[in-house]
Amino acid sequence: MSIPCRKVFSETILEEAKKDASIMVLCTDSRGSVMIGDFADELPEQFVEVGIAEQNSIGIAAGLANIGFKPYVCGPACFLSMRSAEQIKVDLAYSHSNVKVIAISGGVSYGALGATHHSLQDIALLNAIPDIKIILPSDNYQTIMLTKELLKEEGPVYLRMGRGAVPDIYQEGDSFQIGKANVLMEGEDIGIIGAGETVYYCLEAGRKLKSGGIHATVADLHTIKPIDKDTLHSITRKVKKLIVVEEHSINGGLGSIISSLYSEDTAVTVRKLALPDTNMVTGSSNEIFKHYGLSVDNIIKNVKELLKK
Amino acid sequence: MEHLEKKAQEIRKNLLNMIYEGQAGHMGGSLSSTDILVALYYDIMRIDPKNPKWENRDRFILSKGHCVEGLLCILADRGYFDKSILHTYSQYQSILIGHPNNKVPGMEVCSGALGHGLSIAAGIALGAKRKKMDIRSFVLMGDGEQAEGSIWEAAMAASNYKLDNLFAYIDRNQLQISGTTEAVMKLGDLRAKYEAFGWDVSEIDGNNMQQIIANFYEAEKNKGKPHLIIANTIKGKGVSFMENNVKWHHGVPTKEQLNEALQELGGVRS
């Protein structure tokens, strides 16, 4: 257990911005929640406070990109994705503006703050917009490496991170490529697929299953759009049953995306473990995860059920 | 000045022809805003049509993107792309669609969802200031468009960052698709509203070339605030049966109406 991904993002972007004056960070009165205060203090000329105005933050970023900056708009995922959805669609994706949307405290990170602060629709919404990529890093090291990859990426990207500290999955030397999934375990019985914070649960479930004699392939689909069909197809050549675990509404997220990929392949079964189409029970993000079955035990239970079928 | 006025009439004729040929378009607002666009593209803005991505160019954003026809005719006339492409407007697989699209050389961004342009233009102006580049950022908004809340987010930010290199024009033709702006959603005293947001506000006859140009060079001298120019215009300007007639917000003329309009604008196709 280390520090939140948003913290390592802000440290990485500060370090990179010191070397690259074209990096511009924008925030929406969110420097505390993004943990970007040090950046604002150290590089005021590369920082823009937009205030509580998400639509304007994306529009201003599109203008900054037009003039040659590499803008990173940072704010809570719930507001950035939905309040400024049309600006993301038109000013960024349609216009192919080189702007990165850094969405923090995604999913149910804000726990008991309720549905206003949950972003369980962002992937569904953005996946239907052409020409924007969607990335969910799963741990600190991957966040650092994908943040560095983003700098080389021309065009709009939505990167969503959680609020809390997450356990380490990767180690120094592991490599990541935007658009390319990482296979963490290989097994021939079943596939378990996650993105963002659920990857750790998938991996833990895979380890426990292994000790019980069930061999799972576990994959981290950090890039949800464009979906890595090649890796998924290489998995489904070996295993015909997949469980997709995600911190998103059951409607339109990673599970839906993978289900549609195999909608005409009757040999592949996709089971979705996601959050139901309802407003969440009051609780911390851990409690919400547990309540709706985003847990190691429930993944294992579902694996066993699926294997009996 | 006379050559600019002539140019505006020529552009009006071209855009009418283009709308007729493409069988789609927004006549009224394109005709009301023609003089402003001609003033910007033939006098005020520092641009290089041979090098549309020239780093130091002034930028223009058409926030009221539905009035793209006049802008397309101007970009073609200035040499950003071949004039023959204008004949493909709204046709199958054309790059010229009913709203600005930045696949077209000279078009900075895609626009047409109202209420977006002022933020983008503010971002350009802010970026130019941060880079210490002498670049002016221009945006043309509609008056009906002022009901979009995002405009007021941008108005606040532009003033906060003292973007005196930002010039925002409102094509104040008093009409929007459902009727007069005051009947649909009262705009009231726009000058007072923008002044309260900290803007330098001026008001002109937006169909008077001399006023448009003289006002710009005056406004540019006022430092420390973004500039809002309320350009009072006539919707459908130049074609008597279209003027101040909300029916022509969009719509395609018949062949007879086209010919009548072209006659009023001083002759046949240019």
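Tutor: We begin with the whole chains and then turn to single residues.

Student: What should I know before reading any values?
Tutor: This is a predicted model, where local features need pLDDT of at least 70, side-chain atom pairs count only at pLDDT 80 or more, and totals for chains, interfaces and linings use all residues. Residues are numbered from 1 along each chain as its sequence is written, chains are lettered from A and ligands numbered from 1 in the order in which they are written, and side-chain values use heavy atoms, leaving out hydrogens and water.

Student: How many helices and strands does each chain have?
Tutor: Helices (H or I, at least four residues) and strands (E, at least two) are DSSP runs, numbered from the N terminus. Chain A comes to 13 helices and twelve strands, and chain B has nine helices and seven strands.

Student: How do I judge the radius of gyration of chain A and chain B against a compact globule?
Tutor: The radius is taken over C-alpha atoms, and the globule rule is 2.2 Å times the number of residues to the power 0.38. For the 309 residues of chain A the rule gives a value near 19 Å, and the chain has 19 Å, which agrees. For the 270 residues of chain B the rule gives a value near 18 Å, and 17 Å in the model agrees with that. Along the principal axes, the C-alpha atoms of chain A fill a box of roughly 60 × 40 × 35 Å, while the trace of chain B spans about 50 × 45 × 35 Å.

Student: What share of each chain is buried?
Tutor: Buried means under 20% relative accessible area, exposed over 50%, and partly exposed in between (1.4 Å probe, protein chains only). In chain A, 62% of the 309 residues are buried; in chain B, 59% of the 270 residues are.

Student: And how do I read the contacts along the sequence?
Tutor: A contact means heavy atoms within 4.5 Å. In chain A, 78% of the contacts with a separation of 6 or more are between residues 24 or more positions apart. For chain B, 77% of the contacts between residues at least 6 apart join residues at least 24 apart.

Student: Is Glu45(A) buried, partly exposed or exposed?
Tutor: Glu45(A) is partly exposed, because its relative accessible area is 48%. Glu45(A) sits in the loop between helix 3 (37–42) and strand 2 (47–49) of chain A. Not counting residues up to four places away in sequence, Glu45(A) touches Met24(A) and Arg130(B). Glu45(A) and Met24(A) are 21 residues apart along the chain, with 8.2 Å between their C-alpha atoms.

Student: What surrounds Asp122(A)?
Tutor: Leaving aside neighbours within four places in sequence, Asp122(A) is in contact with Ala77(A), Ser81(A), Tyr158(A), Arg160(A) and His248(A). Its side chain makes a polar contact of 3.0 Å with the side chain of Arg160(A). Asp122(A) belongs to helix 7 (residues 122–127) of chain A, and its 0% relative accessibility is why it counts as buried.

Student: Which backbone angles deserve a look?
Tutor: Most residues other than glycine have a negative phi, and most peptide bonds are trans. Ser105(A), not a glycine, has a positive phi of about 55°; Ser105(A) is buried, with a relative accessible area of 0%. Asp131(A), also not a glycine, has a positive phi of about 70°, and Asp131(A) is exposed, with a relative accessible area of 54%.

Student: Where is the cis peptide bond?
Tutor: The cis bond joins Lys225(A) and Pro226(A), with omega about -5°. Pro226(A) is found in the loop between strand 10 (223–225) and helix 10 (229–238) of chain A.

Definitions and conventions
A polar contact is a pair of N or O atoms within 3.5 Å; within protein, one must be able to donate a hydrogen and the other to accept it, and residues adjacent in sequence count only if both atoms are side-chain atoms.
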